[in-house]
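Please have a look at it first, and then read the points below.

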Amino acid sequence: MNRDFFYGVFLIVVISVAAWLISTIPAVESLSFSPLIVGIILGMIYANTLRSKQPQSWNEGLKFCSKRMLRLGIILFGFRLTFQNVVEVGVPALIVDAIVVSVTLLLGCWIGKRLGMDKETTLMTSAGSAICGAAAVLGVEPIVKGESAKTAVSVSTVVIFGTLSMFLYPILYKTGMLDALSDQQVGIYTGSSLHEVAHVVGAGNAMSSATDLTIASTSLIVKMVRVILLVPVLLIISYMVTKDKSSEGGKSSITIPWFAIFFLLMIGVNSLMKGFCEDGASAFSSFYTEAIHIIKIVSTFMLTMAMTALGADTSIDKFKQAGARPFLLAGSLYVWLVVGGYLMARFLVPAIQ
């Protein structure tokens, strides 16, 4: 790590602090704009204005924030949950997520073929929409050996449509258009249909109150189940690519989302500690409650940094270079996720439960 790396990180910290302060303005709070949403807006403004004047050597710091900081924030977010929460949504989440991932991948491949797109961009964009946004795109990239430009376009599509949902879902919720769903169903709908983990956290928090985190916690659990499905999906894609390119030989590396495992570990720790506190350790209970409060603040700020860094990498030039087809593919899959996700949350989840 050199000095320029820290300059990049410091830049994101400054913008994230600004996002945090802006989110506390009453008018902004009334719109349910969390620091995460404000952060990505400021990041995108920066990407299309001052980013061109930024030294390229700072990019590693920005990349660190959009990747490592995101995962650290999600790991710490585990302290907001317990395994009792997981049990509440386990079976419906697994079934809905399996359907969403399978249909999105198959539909994406079919649409991509009809649009005459290359297999690399099609698979990366479809995986990003189906599973966990940019993380899935980057997981598929070394398997399909996509070019950097194709990878950037695929990431941009999921960031755009995931960001759109961060605004759309809270608006639908606040205006009563999701009243047919319970808070748990809204959480399942959000977690099973949004792209990025951070987008799910942003939308979930915007639809939750300070005293009731049902939507936020449910959506994140459902999303993490979806993230874990990245492992079998990568294995299947690796097998398919290896089979298609058997003449080339060699093996494709598999990216395992270890942050999801640590996220579950933190839930386990929190579950044990909450149980210990309930057994009568009043002094420790007070200390642990305060510690959890601090962890929540740190986690939220880390996620704000991640969202800001994602926004700072979303420039208009990348969209122009790609043409319309990747966005037609991502947009088609987005319509399926929004509509199909709602229908499953509305009718399938009650049937399963």
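1. A term to start with: a residue is called buried under 20% relative accessible area, exposed over 50% and partly exposed in between, using a 1.4 Å probe and protein chains only. Lysine 63 is partly exposed, at 43%, and glutamate 60 is partly exposed too, at 47%.

2. This is a predicted model, where local features need pLDDT of at least 70, side-chain atom pairs count only at pLDDT 80 or more, and totals for chains, interfaces and linings use all residues. Residues are numbered from 1 along each chain as its sequence is written, and side-chain values use heavy atoms, leaving out hydrogens and water.

3. One salt bridge turns up in a search of the whole structure; the term means a side-chain nitrogen of Lys or Arg within 4 Å of a carboxyl oxygen of Asp or Glu. Glutamate 60 pairs in a salt bridge with lysine 63, their closest N and O atoms being 3.8 Å apart. Both residues belong to helix α4 (residues 59-77), three residues apart, or about one turn of the helix. Helices here are DSSP runs (H or I, at least four residues), numbered from the N terminus.

4. How do helices α9 and α16 pack? Helix α9 (residues 183-193) meets helix α16 (residues 325-352) at an angle of about 140°, and their axes are 9 Å apart. Axes are lines fitted to C-alpha atoms over the stretch in contact, with angles from 0 to 180 degrees between N-to-C directions.

5. Leucine 265 sits in helix α13 (residues 258-278) and is partly exposed, with a relative accessible area of 46%.

Technical notes:
Helix = DSSP H or I, 4+ residues; strand = E, 2+ residues; numbered from the N terminus.
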